Amino acid sequence: MPERSPYPREADLAGGTDGAAVPPARTAAHDMFDADVASRGLGIELVHAADGTAVARMRVTAGMLNGHRIGHGGFVFLLADTAFALACNTHGPATVAAGGEISFLRPVREGDLLTASATERVSYGRSGIYDVTVTRDGEVVAEFRGRSRTLARPATTDGVCRASDGKQGR
């Protein structure tokens with residue numbers, strides 16, 4: 001039987017006073033995830049993103065196993081990093097990772113449904129710290145801490161920031 005997440009998918013939330021479905025509030029994190037080809041290509045699902053928190057989940061596939069036939073840590077890191085990115089982009093301005101580290105506590109296996117729950121711990125100026133717990137069936141398999149940085153100026157698709165005076169910087 002597939003694991004049932006304690007978190008509803010945002011698309012399934014309802015609760016209008018007349019019983020009609022109420023669409024979840026969209027944040028900049030939702031727009032970012034819509035454009036995230038890497039995460040969506042691995043089957044990562046955005047479950048929740050609002051107010052400095054986010055939940056994402058992913059099923060471990062055969063293509064994610066390492067030479068020991070357990071889930072490759074890079075994929076667990078990617079899931080945690082995606083939840084982190086979602087949480088730090090719920091506030092609006094484009095925010096990127098300044099760093100991150102993970103502790104792998106238990107191995108994951110093919111077929112496991114992993115859930116990454118991210119929470120903002122502190123935000124100061126353009127910097128933030130976020131914690132992400134990755135679980136399988138309620139059991140903690142990894143802990144991740146990420147450091148974020150809000151971009152001072154919007155980046156263009158070529159990665160070059162342009163100020164209103166036309167000067168460029170990286």
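How many aromatic pairs does a search of the whole structure find? The search finds three. Keep that in mind while you look around. This is a predicted model.

**Stop 1: the whole chain**

The chain has three helices and eight strands. Follow the elements from the N terminus: they run α-α-β-β-α-β-β-β-β-β-β.

Now colour by pLDDT. The chain averages 84, and 75% of the residues score at least 70. Select residues 1–16, where the pLDDT is below 50. Beyond near neighbours in sequence, this stretch has 29 contacts in the model. Next select residues 159–170, where the pLDDT is also below 50. This second stretch has 18 contacts in the model, again beyond near neighbours in sequence. Where pLDDT is low, the predicted coordinates should not be read in detail.

The accessible surface of the chain comes to about 9,600 Å². Carbon and sulfur atoms own 53% of that area. Of the 170 residues, 36% are buried. Now think about contacts between residues at least 6 apart in sequence: 58% of them join residues at least 24 apart.

**Stop 2**

Select strand E2, residues 53–59. E2 is mostly covered, with five of its seven residues buried.

Find alanine 50, which stands opposite threonine 53 in E2. The two strands form a hairpin with two residues between them. Click aspartate 51 in the turn: its phi is positive, about 50 degrees.

Which strand pairs with E2 over seven bridges? Strand E4, residues 113–124, does, in the antiparallel sense. Here valine 55 stands opposite serine 117 in E4.

**Stop 3: the nonpolar core**

Hide the cartoon and show side chains. The largest nonpolar core has 30 residues. Select Val76, Leu79, Leu86, Leu114, Val132 and Val134, which touch the most other members. Several elements give two or more residues to this core, among them helix H1 (28–34), H3, strand E5 (127–136) and E6. Which element gives the largest share? H3 does, with eight residues.

Centre on leucine 79. Leaving aside its neighbours within four places in sequence, leucine 79 is in contact with Ile44, Ala56, Arg57, Met58, Leu114, Ala116 and Val134.

**Stop 4: the aromatic cluster**

Select Phe77, Phe84, Tyr130 and Phe144 together. They form one aromatic cluster.

Zoom in on phenylalanine 77 and phenylalanine 144. Why is this pair called edge-to-face? The ring centres are 5.1 Å apart and the planes stand at 70 degrees, so the pair is edge-to-face; the cut-off for that label is over 60 degrees. The pair links distant parts of the chain. Phenylalanine 77 is in helix H3 (residues 73–88), phenylalanine 144 is in strand E6 (residues 139–150), and 67 residues separate them.

Is phenylalanine 144 buried or exposed? Phenylalanine 144 is buried, with a relative accessible area of 2%. Phenylalanine 77 has 28% relative accessibility and counts as partly exposed.

**Stop 5**

Serine 148 counts as buried, at 5% relative accessibility. Not counting residues up to four places away in sequence, serine 148 touches Phe84, Cys88, Thr95, Val96, Ala98, Arg126, Ser127, Gly128 and Tyr130.

Move to strand E3, residues 95–104, and pick glycine 99. At 17% relative accessibility, glycine 99 counts as buried, because the cut-off is under 20%. Draw a distance from its C-alpha atom to that of arginine 145: the separation is 8.5 Å, for residues 46 apart along the chain.

Phenylalanine 104 is partly exposed, at 46% relative accessibility. Where does phenylalanine 104 make contact, leaving aside its neighbours within four places in sequence? Its contacts are Gly73, Val76, Val141 and Ala142. The C-alpha atoms of phenylalanine 104 and alanine 142 are separated by 4.5 Å, although the two residues are 38 apart along the chain.

Key: Residues are numbered from 1 along each chain as its sequence is written. This is a predicted model: local features need pLDDT of at least 70, side-chain atom pairs count only at pLDDT 80 or more; totals for chains, interfaces and linings use all residues. Side-chain values use heavy atoms; hydrogens and water are left out. Rings of Phe, Tyr and Trp (its six-membered ring) pair if their centres lie within 6.5 Å; planes under 30 degrees apart count as stacked, over 60 as edge-to-face and the rest as tilted. Helices (H or I, at least four residues) and strands (E, at least two) are DSSP runs, numbered from the N terminus. Buried means under 20% relative accessible area, exposed over 50%, partly exposed in between (1.4 Å probe, protein chains only). pLDDT is the predictor's confidence in each residue, from 0 to 100. Contact means heavy atoms within 4.5 Å. Accessible areas come from the Shrake-Rupley method with a 1.4 Å probe; for residues, only the protein chains shown count as cover. Two strands pair if DSSP finds at least two bridges between them. A nonpolar core is a set of buried Ala, Val, Leu, Ile, Met, Phe, Trp, Tyr and Cys residues joined through side-chain atoms within 4.5 Å.
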